[in-house]
Every structure is written in C-alpha cells, then in structure tokens.
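Take each task on its own before you read the solution.

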Amino acid sequence: MRLAGRTRLGFYPLPLAEAERIRRFLRFPDQQCSALDPCIGDGVAFGEITSDKKVSRYGVELDTGRAEQARSKGIEVIHGNSFDVQCPVESFSLVYLNPPYDFEISEVKSQRMEKLFLEHVYRWLRPGGILVLVVPARRIADCTVLLSRHFRDTRVYRLTEPESVRYGQVAVFGVRRTRQDIDRLQDAEIIQAQLWLGSVEREVQKLEPLSREPDHQYSAPMSGTVRLIHRGLPLDQIEDLLPKSSAYRQVSAVLFAYQADVSGRPLTPLHGGHVGLLCTAGMLNGVFGEGDARHIAHWQSVKLVDKSEEEEGGKTIIREKERFSNELTLVFCTGEIATLK
C-alpha cells in the first residue's frame with residue numbers, strides 16, 4: 001500500500017450505490033439478528049447494508065474519528081484493532097468484510113490482510129450465516145482454500161462504480177457450512193471450487209455485475225446479542241499520556257528538531273532548478289508581504305499523471321506517465337486563499 005493509503009489506515013470506503021445493491025441481495029429474519037463489520041470505517045456502507053430495525057449492528061475501527069462517526073449511526077463500535085478483539089464463535093448472522101488491501105508486516109512472513117481478516121472473523125459466523133466479502137478480484141486467490149471449504153452457495157459479482165472499478169473490486173457472497181456439511185464434502189468438490197475461485201481474476205470481466213435486481217437472495221439466520229471484548233492497548237489514552245513522559249521529553253529534540261531560519265543572499269543568481277529545490281525543501285515557506293498583501297506561503301511537491309491514447313491493431317492503448325510539479329498555496333490576511341500550480 002502506498003504511504004497515502006497507510007496514513008488513512010487503509011480506509012477506502014465502499015461507494016454507497018454498491019452498498020444499496022448488496023442490501024437487495026439480503027433478507028433478514030422477523031426476529032432479532034446480529035451483524036458485524038470488523039473494518040467499519042465511518043459506518044456509512046455497513047449502515048446501508050444492514051438497514052433493518054431488527055438488526056443489531058457491531059463494528060471495529062482503528063481510527064478514532066471514524067469510530068465516532070460510526071457510533072453516531074447507532075452502531076456499537078469498538079475502537080481498536082480487530083485482531084485484539086475476542087468474540088464467541090458462531091455468534092453473528094452476517095459479516096460484512098471490506099478489509100485493508102495490504103500486506104502484513106512480519107519478520108517471518110508477510111501475508112495478505114484480506115486473508116488474515118477472513119481467517120480471523122469467519123468463525124464468528126453462525127452456521128447458515130452470510131458472508132459478504134469485498135476485495136480486489138486478484139486477491140480472491142489468497143482466500144480460495146477457506147472459501148471453498150467453509151462456505152456454500154458462493155457467488156461472485158463484479159462491482160461497477162468508478163471507485164470500485166479503479167481497484168478491480170468484486171463482491172463475494174457465501175453461506176457458512178455446518179460441521180456436518182464440511183465432513184460430507186468430497187475432495188473433488190473442494191478442488192473444483194478452488195479452481196473456479198482462482199479463475200476469478202482472469203475472468204473478472206465475464207462476471208455478472210452487481211445488479212439492483214438480484215438473481216439470488218441470501219436469508220440471514222436468527223441470532224441474539226453479542227458481546228465483543230477488546231484485549232488491546234487503549235491507543236487514545238496512550239497517545240494523550242505520551243507527551244507527559246520523561247522519555248518522550250528526552251527524545252523530542254531529536255524527533256522534532258528545531259528548524260533554523262535561513263537568511264542571506266546567494267553568491268550567484270539562482271536557476272529555476274535551484275528555486276524548485278528550495279521550495280520543495282520548505283526553505284521558502286513563511287510569512288511575507290505587508291498590509292493587505294501580507295500572506296503565508298507554503299510549497300509542496302505534487303505528483304501528476306499525464307494520459308495519452310493510441311490506436312494500435314484496432315485497440316485503444318492508454319498510456320500513463322507520472323511526473324512531479326511544485327504547488328504553492330497562499331493564504332492572505334484578508335482570508336483569501338490562492339493555489340498556484
């Protein structure tokens with residue numbers, strides 16, 4: 001995952017239109033049932049998918065702000081890491097999982113987060129419970145062993161919203177098998193399911209799109225309330241107490257080195273490249289001007305993508321070329337903001 005994605009903690013929300021289509025594939029019981037999103041984000045997509053008064057909704061979110069947003073929608077949210085959460089097995093009627101698209105960081109090995117999240121939470125589903133898994137098509141192969149053995153009535157649909165197409169996302173629906181069903185499974189059935197799921201990446205354009213008119217409906221079983229227990233560290237409390245610790249004060253001079261003022265005239269005239277380096281290094285940031293022209297200047301380097309199309313052999317080839325440019329943001333004392341590119 002790119003650095004920009006890591007700063008968002010891998011948060012790339014499902015478009016609301018896709019969530020509305022997923023909702024049409026689901027049917028909830030007349031009695032109470034429970035649903036979980038272990039990567040709930042702001043709760044918008046999960047709230048739409050479980051928009052039924054009889055559904056008790058639970059979520060887990062690592063980001064403080066997004067956890068509060070999800071709570072404001074009437075969802076019981078644990079602020080923390082899903083891998084630090086404990087739950088009784090076979091508790092939920094529905095699990096909606098749209099995990100971070102990234103590798104774990106490990107000294108021994110590095111597995112895909114899609115697989116790790118699925119392995120962690122699928123046991124919390126009741127037999128007959130519904131799994132809705134949203135991942136890039138190329139990552140289905142990492143989950144084939146578990147999906148083929150523990151889920152039946154599996155269907156895969158191609159997502160069509162622009163953001164979903166950008167990441168090549170698909171929606172996987174499945175019903176968790178009972179222990180008896182797993183015992184009766186033949187090796188040939190498991191192998192056949194694995195081969196089919198493994199071919200999704202190659203055949204993604206042939207998949208049926210997720211439609212507003214579902215060709216199949218998944219009925220969630222009844223379930224009661226669930227107690228989730230968080231065994232992880234209280235991250236917010238630690239963050240608040242950290243600046244008060246003596247160790248933090250000792251290393252703060254290294255972590256947050258004081259930026260000395262740079263003044264004086266250059267010995268020789270600067271070329272455009274020199275000015276660009278000074279700008280992106282932050283050495284030309286600051287407060288300038290007088291009166292109404294007084295302003296704050298902030299430079300940054302931004303990446304641009306140039307696209308070109310070529311016709312070759314009856315096909316349109318789209319080429320992308322990345323380049324970097326400087327961007328200057330000016331904030332005037334009058335409140336006016338200008339961005340020069």
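**Exercise 1. Find how many residues lie between β14 and β15 in their hairpin, and which glycine in the turn has a positive phi.**

Step 1. In this predicted model, the hairpin of β14 and β15 has four residues between the strands.
Step 2. Glycine 335 sits in that turn, with a positive phi of about 100°.
Step 3. Now look at the pairing: β14 (residues 315–332) and β15 run antiparallel and are joined by four bridges. Leucine 328 stands opposite leucine 340 of β15.

**Exercise 2. Work out how β13 and β14 pair, and find the bridge partner of valine 305.**

Step 1. Strand β13 (residues 295–312) pairs with β14 over 18 bridges, in the antiparallel sense.
Step 2. Follow valine 305 across to β14, and you reach its bridge partner, glutamate 322.
Step 3. The hairpin of these two strands has two residues between them, and glycine 313 takes a positive phi near 60°.

**Exercise 3. Classify the ring pair of phenylalanine 25 and phenylalanine 173, then see what the pair ties together.**

Step 1. A ring pair is described by the distance of the centres and the angle of the planes.
Step 2. The model holds seven aromatic pairs. For phenylalanine 25 and phenylalanine 173, the values are 5.2 Å centre to centre and 25° between the planes. Planes under 30 degrees apart count as stacked, and this pair is stacked.
Step 3. Phenylalanine 25 lies in the loop between α2 (16–24) and β1 (26–27), while phenylalanine 173 is in strand β9 (residues 169–176), so the pair ties together parts that are 148 residues apart in sequence.
Step 4. Check burial, for which the cut-off is under 20% relative accessible area. Phenylalanine 25 comes out at 1% and phenylalanine 173 at 0%, so both are buried.
Step 5. Phenylalanine 173 also forms a stacked pair with tyrosine 218, at 5.4 Å centre to centre and 15° between the planes. Tyrosine 218 is in strand β10 (residues 218–219), 45 residues from phenylalanine 173, and is buried too.

**Exercise 4. Identify the residues with the most contacts inside the largest nonpolar core, and see what surrounds one of them.**

Step 1. This core has 67 residues, and those with the most contacts inside it are Ile22, Leu26, Phe92, Leu118, Phe173 and Leu228.
Step 2. Its largest share, seven residues, comes from β7.
Step 3. Leaving out residues up to four places away in sequence, leucine 228 touches Leu36, Tyr58, Ile78, Val85, Gln86, Cys87 and Phe92.
Step 4. Leu118 is also one of the buried residues of helix α5 (residues 113–121). The buried residues of α5 pack against β6 (92–97), β7 (125–136) and α6 (144–150).

Notes. Residues numbered from 1 in each chain as written. Predicted model: local features only at pLDDT ≥ 70, side-chain atom pairs only at ≥ 80, totals over all residues. Heavy atoms only, no water. Buried < 20%, exposed > 50% of the residue type's maximum accessible area, 1.4 Å probe, protein only. Contact = heavy atoms within 4.5 Å. Phe/Tyr/Trp six-rings, centres within 6.5 Å; stacked < 30°, edge-to-face > 60°. Pairing = 2+ DSSP bridges. Core = buried A, V, L, I, M, F, W, Y, C linked by side-chain atoms within 4.5 Å.
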